[in-house]
Amino acid sequence: MKYIAPLLGLLLCYFNANAQNVIVVQHNGTSSFFTTFSSAISGASSGDTIYLPGGQMSTGNISIDKEVHIIGAGYRVDSSQATSRTDLDGNIYLITGADSSSFEGFYLSGGIGLGYLNTNLRLVNDLSFVRVNV
C-alpha cells in the first residue's frame with residue numbers, strides 16, 4: 001500500500017511529460033481541438049480565436065487568408081514558467097482576407113510577411129501584435 005502513492009506520482013509525471021500539446025480553436029462558443037498549427041489555421045473560420053499551448057511547434061510557411069486571433073502562452077521565460085513559452089518555428093504570411101487579425105503571446109523564429117512569394121500582395125489592414133517576439 002505504501003508503494004501505490006509514489007507509483008501513482010511517477011505515472012502522472014510520465015503522462016504529463018508525454019502529453020501532446022493541443023491547439024484549441026474557438027468558434028461561437030464551441031471549441032475544436034487540433035494537434036498541428038497548420039490544421040488549426042485550416043480548421044478555423046474567419047473571426048475565430050486560436051489558443052496555442054506552451055512548447056515548440058512548427059508552422060512551416062503558412063498563409064493566413066482570414067481574420068484570426070492567435071493567442072499563445074507567452075514568449076518570456078519568466079512569465080510562462082508554468083507552461084513554458086510558445087515557440088513557433090517558421091514563417092507566417094498574411095494575405096488577402098487577413099484584415100483585423102491579432103497575434104499575442106508567442107515567439108516566432110521566422111518572420112511575418114504580407115503576401116506570399118510575391119503573389120497575393122495587397123495591403124492588409126488593422127493588424128494587432130501584442131507581446132510577440134519575431
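Helices (H or I, at least four residues) and strands (E, at least two) are DSSP runs, numbered from the N terminus. Keep that handy for the tour. What you have open is a predicted model, where local features need pLDDT of at least 70 and side-chain atom pairs count only at pLDDT 80 or more, while totals for chains, interfaces and linings use all residues. Residues are numbered from 1 along each chain as its sequence is written, and side-chain values use heavy atoms, with hydrogens and water left out.

**The whole protein**

Colour by secondary structure and you'll find two helices and nine strands. From the N terminus, they run α-β-β-α-β-β-β-β-β-β-β. Of the 134 residues, 33% are buried (under 20% relative accessible area; exposed is over 50%, partly exposed in between, with a 1.4 Å probe and protein chains only).

**Stop one: aspartate 48**

Select aspartate 48 in strand β3, residues 48-51. Which side chain of opposite charge is nearest to aspartate 48? That's lysine 66, 7.5 Å away, and buried aspartate 48 has no salt bridge (a side-chain nitrogen of Lys or Arg within 4 Å of a carboxyl oxygen of Asp or Glu). For charges, Lys and Arg count as positive and Asp and Glu as negative; His and the chain ends are not counted. Now show histidine 27: its side chain makes a polar contact of 2.5 Å with that of aspartate 48 (a pair of N or O atoms within 3.5 Å, where within protein one must be able to donate a hydrogen and the other to accept it, and residues adjacent in sequence count only if both atoms are side-chain atoms).

**Stop two: the rings**

Search the whole structure and one aromatic pair turns up (rings of Phe, Tyr and Trp, using its six-membered ring, with centres within 6.5 Å; planes under 30 degrees apart are stacked, over 60 edge-to-face, the rest tilted). Phenylalanine 103 and phenylalanine 129 are stacked because their ring centres are 5.0 Å apart and their planes lie at 15°. Phenylalanine 103 belongs to strand β7 (residues 102-108) and phenylalanine 129 to strand β9 (residues 128-133), 26 residues apart. Phenylalanine 103 has 1% relative accessibility, so it's buried; phenylalanine 129, at 40%, is partly exposed.

**Stop three: two positive phi angles**

Most residues other than glycine have a negative phi. Go to aspartate 126, though, and phi is positive, about 60°. You'll find aspartate 126 in the loop between β8 (112-114) and β9. Then click arginine 131 in strand β9: its phi is positive too, near 50°. Buried or exposed, what is arginine 131? Its relative accessible area is 60%, so arginine 131 is exposed.
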